[in-house]
Amino acid sequence: MTAQIPDTCTFDGRKWAVEHWDGDYAAVPTNEALGIETHSASSANWSGRVDHFMVSRDKLYLLKIQVNFPEDRPPALPSDAQREVLVRYEKMHVFDKDGERDAIREHRFEYLVFHNLPVPYTGDLLLTYPCTDCWDQPYDADDDEDEDRREMVLSFEGGELMCASER
């Protein structure tokens with residue numbers, strides 16, 4: 001089974017990976033509630049979306065969603081969201097039937113960014129740090145990520161942060 005791309009939560013100035021929701025996950029807006037349709041682009045993302053949450057002033061918000069829209073129809077955007085497209089180019093050395101050559105590969109990331117979308121979640125949210133993304137910054141493949149690994153549990157009632165405890 002392919003590991004799924006984790007949702008993230010920015011808390012206390014750090015980006016954490018969301019490992020587990022222990023509570024009312026139905027409080028997180030679904031595609032249907034947002035009026036969008038996504039599709040899976042790979043086995044690492046079955047839902048076609050990656051949610052990015054933020055705790056600000058002790059409230060949980062859905063900040064943005066990385067989305068994969070179906071190619072056969074234009075995306076419908078929620079009225080309270082804006083579309084952000086990030087395009088990155090990677091220089092590659094390619095070996096194929098035509099021989100050896102340099103090529104440029106395009107990586108396209110689409111987001112829906114929300115300016116004020118509170119999530120009335122009640123329950124615990126298990127987070128792990130660091131949450132690394134190879135596009136955020138260069139990294140050394142020899143680094144031992146488990147050395148600095150931290151866990152945090154955030155407890156919410158109706159979207160209000162009640163307690164944060166590091167494990």
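User: Which residues are linked in a network of salt bridges?
Analyst: In this predicted model, R83, R108 and E110 form such a network. The structure holds nine salt bridges.

User: Why is the pair E160 and K59 called a salt bridge?
Analyst: The closest N and O atoms of E160 and K59 are 3.7 Å apart. The cut-off is within 4 Å, between a side-chain nitrogen of Lys or Arg and a carboxyl oxygen of Asp or Glu. The pair therefore counts as a salt bridge.

User: What makes E160 and K59 partly exposed, rather than buried or exposed?
Analyst: Buried means under 20% relative accessible area and exposed means over 50%. E160 has 33% and K59 has 35%. Both values fall in between, so both residues are partly exposed.

User: How do you know that E166 and R150 meet in a salt bridge?
Analyst: Their N to O distance is 2.7 Å, and the limit is 4 Å. E166 belongs to strand 9 and R150 to strand 8 (residues 150-157), so this pair joins parts that are 16 residues apart in sequence. E166, at 44% relative accessibility, is partly exposed, and R150, at 24%, is partly exposed too.

User: R167 and E151 also meet in a salt bridge. Why is R167 called exposed?
Analyst: The relative accessible area of R167 is 65%, and exposed means over 50%, so the word applies to R167. E151 has 24% and is therefore partly exposed. The N to O distance between R167 and E151 is 3.8 Å. R167 sits in the segment after strand 9 and E151 in strand 8, 16 residues apart.

User: What makes a residue part of a nonpolar core, and which residues have the most contacts inside the largest one?
Analyst: A core residue must be buried, of a listed type such as Leu or Cys, and joined through side-chain atoms within 4.5 Å. The largest nonpolar core has 28 residues, and C9, L60 and L154 have the most contacts inside it. Strand 4 gives the largest share of this core, four residues.

User: Which residues is L154 in contact with, leaving aside its neighbours within four places in sequence?
Analyst: Among them are C9, F11, V55, L125, L127 and L161. Contact here means heavy atoms within 4.5 Å.

Methods:
Residues are numbered from 1 along each chain as its sequence is written. This is a predicted model: local features need pLDDT of at least 70, side-chain atom pairs count only at pLDDT 80 or more; totals for chains, interfaces and linings use all residues. Side-chain values use heavy atoms; hydrogens and water are left out. Buried means under 20% relative accessible area, exposed over 50%, partly exposed in between (1.4 Å probe, protein chains only). Helices (H or I, at least four residues) and strands (E, at least two) are DSSP runs, numbered from the N terminus.
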